[in-house]
Amino acid sequence: MRAKNLTGGGKGIHLEDIIESLRKYRSDADVRDILGAYAFASKVHGGQARLSGEPYMSHPMEVALLLTQLKMEPSVIATALLHDTVEDTDATVEDISKLFGEEIARMVEGLTKLAKIRFRTREQRQAENVRKMVLALSEDIRIVIIKLADRLHNMRTLEHLPSHRQKAIALETLDIYAPIAGRLGISWMKSELQELAFMYVHPVEHKKLGKKLAERQEELEKIIQAICNQTKEILMKEHIACDVTARVKNPYSIFKKMKQQELDYDQVHDIIGVRVITASRSDCYRVLGQVHEQWKPISGKLKDYIAIPKENMYQSIHTTVVTGNGRRVEFQIRTQQMHMVAENGIAAHWRYKDGSGLKAADDDGFMWIRRLIDMGRSLDDSEEFLENVKLDLFPDEVYVFTPNQEVKAFPKGATPLDFAYAVHTEIGNHCVSALVNSNPVDLDYLLENGDTVEVITSQTQEPDREWLKIVKTSHARTSILSYIRSREREDAIRLAEQIIKTELSKFGLEPEKYFTPEALATAATGLGFKNTELLLQKIGFSKMPVYGFLQKLLPPEAWTKIRTERQSSIKGFIQKILRRKSAEAPAVQVGDLKNRLVRFAQCCNPVPGDRIFGYITSGQGMVIHTKSCPLLKKLEPDPKKLVEAQWDVEAKKQLHPVRIVVHSANQPGQLATITAAIASCNANISTAVVAQVDAKWGELDITLEIEDLPHLNRVLEAVKKVDGVKSVKRIMQKDLGWTNETGESKIQEKIDRGSG
């Protein structure tokens, strides 16, 4: 029975089309959830439209139809129709659960979580997107497959978005979605995602390549027809039943080859691929023999993925030959069943298993997914996770043997250390050397196809950071980092405890009284940490200032004692420097007089290059201020006491104290990096006080010794360039906590004194 008037409002797609497509591979399918999902989604999306002007329902219907191409079950088709309801309407997960059950509600919720990711930078967004996608695989692989179909339809309609959004989405598609589709074995989806993204990421190259292929279309079609006919004729003579097709490789794969090998289009010779689909595994090898007998195979281009399948269950024989006219052609030889798995990947695997196969952890064929899931849970830094996961998304494999002749696949460039971690994490952690083909090799030896590898271990061996430069696999990198970080976390906690106790003792406070488990737990909660270990690690790794912690740890009277003593110490240190500098011969000229007895104002700390004038004070002599001095701006002084002044350019250069405040991210080694930048400008640091603004940002209050204004500007520019620095500015001494005088008479007194 054909449903009537159930249109999605798109390009003529009807609900009946989706149901008919479903029943082609599942004739007895129960479609009640699909009908209900369509009715519910149509109601809640009512009145919504896409940027194309089409009714919004056209999108979920297109996604549902795409999923029937993957022969997904009815619950997945229903979820596709509902996938945007919670994100874009007033519907809730509870509504979905009541109407359609827990399974569909869980998938809709998983898709909603993926859609809600928002980050400041493209790198952060990409990294967390991949992490969320990988973790979704552990919950239900179908969530990721629906997301891929969702992205594919969005890519097909990308022309309706602004150009900057087009490129951003297309880049994300190339970096994340297409590789994941490939890793799941859904080759047709990967190919289309790449081609659509290519159009927006590299529009000029896409147009040029399309034009060149169009110019040669007639010629290439003739070549394809000829090689297909020739192949069929050869195989018919041997009574091998098969289906032979050929095609020009997709433009994006040609573009990638041109870019990787730095070739022009005319230098790319193997742009034609032939696919032979046979009835049996043995026929695949018979076809291979006939192809090699007819044409010359190219050395190193034979890959037998039937004998050794890829981790995503892909099976096929690949070989590249040179035909009679010198053209290179790649042959892919596989059975019909292998072809279905090659096109639809994991989705096809479920059907062959004759079960839902919902969780990756339930099947030995999904070992690579389990590795990614474990990595996603163990690495805190999303961008580091992305860097590691790309090793799994873009494999170029070599195959080696264990001593028992088991085959293990590794990315090209892998080492015996990768092999050790693949055997077992503990084997990797204690690996000291290896034998390859019975010969001792270094741990950084590059594995080659056919190598037999044996690992030698020692219980005294531990992972080292240098190993990260050796290994290639994400599993090995994650295991090494996990071990090292566990060890570093323990060291950081011990260091933090030592720092805290030292600081308390320095100010006459008994550590045993104040640094207790109860007080520590309260401080951790107050600072937003889940437990005291995480707090101590932050302090030990210099990601959190110790005084920010002490402010939360100590009772008010104890914290006031520390703050007062610290401020007094800072004030005394700065005044000591200022007294020393003012005692030296000043490099200024007041009126026509040089080397007149003058003092430099502490309220503005002039340096050569600042616009200055002298101010005659009662009992304090001549005080040099900057023209922008904040105290002078706050209360206009007696103009009769102002005297023109200028720097004496002939005088010997002196050092002048200047305060700067740096607003910077809280990250390991940040203080050391900033001080190194200052030192690179030949500037000395007199004092440096670190204060935490919040969990992510901190302030560094630094007093420098500067020769002149250009010297100061060089320092400011150097600090600005430090990664993680948000802002840096010169400030006046009036901002210190110990300048608490108020009232006009006090301000005038401070101007007269030249202090602040």
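The model is predicted. Strand E18 spans residues 656-665 and is largely enclosed by the rest of the structure, because 10 of its 10 residues are buried. The largest nonpolar core has 97 residues.

**Strand E18 and its partners**

- Strand E20, residues 697-706, is joined to E18 by 10 bridges. The two strands run antiparallel.
- Within this pairing, Ser664 has Gly698 of E20 as its bridge partner.
- Strand E21, residues 725-731, is joined to E18 by six bridges. This pair also runs antiparallel.
- Here Val662 stands opposite Val728 of E21.
- Every residue of E18 counts as buried, 10 of 10. Buried means under 20% relative accessible area.

**Helix H22**

- Helix H22 covers residues 474-506, 33 residues in total.
- From first C-alpha to last, H22 reaches 46 Å. That is close to the 48 Å expected at 1.5 Å a residue.
- Just after H22, Gly508 takes a positive phi of about 75°.

**Nonpolar cores**

- In the largest core, of 97 residues, the residues with the most contacts inside it are Leu67, Leu82, Ile96, Leu148, Met155 and Met189.
- Helix H9, residues 141-156, gives the most to this core, with nine residues.
- Another core, of 26 residues, lies apart from the largest one. Among its members are Ile493, Leu536, Val546 and Ile562.
- In soluble globular proteins, nonpolar side chains tend to be buried together.

Note on methods
Residues are numbered from 1 along each chain as its sequence is written. This is a predicted model: local features need pLDDT of at least 70, side-chain atom pairs count only at pLDDT 80 or more; totals for chains, interfaces and linings use all residues. Side-chain values use heavy atoms; hydrogens and water are left out. Buried means under 20% relative accessible area, exposed over 50%, partly exposed in between (1.4 Å probe, protein chains only). Helices (H or I, at least four residues) and strands (E, at least two) are DSSP runs, numbered from the N terminus. Two strands pair if DSSP finds at least two bridges between them. The expected span of a helix is 1.5 Å times one less than its number of residues. A nonpolar core is a set of buried Ala, Val, Leu, Ile, Met, Phe, Trp, Tyr and Cys residues joined through side-chain atoms within 4.5 Å.
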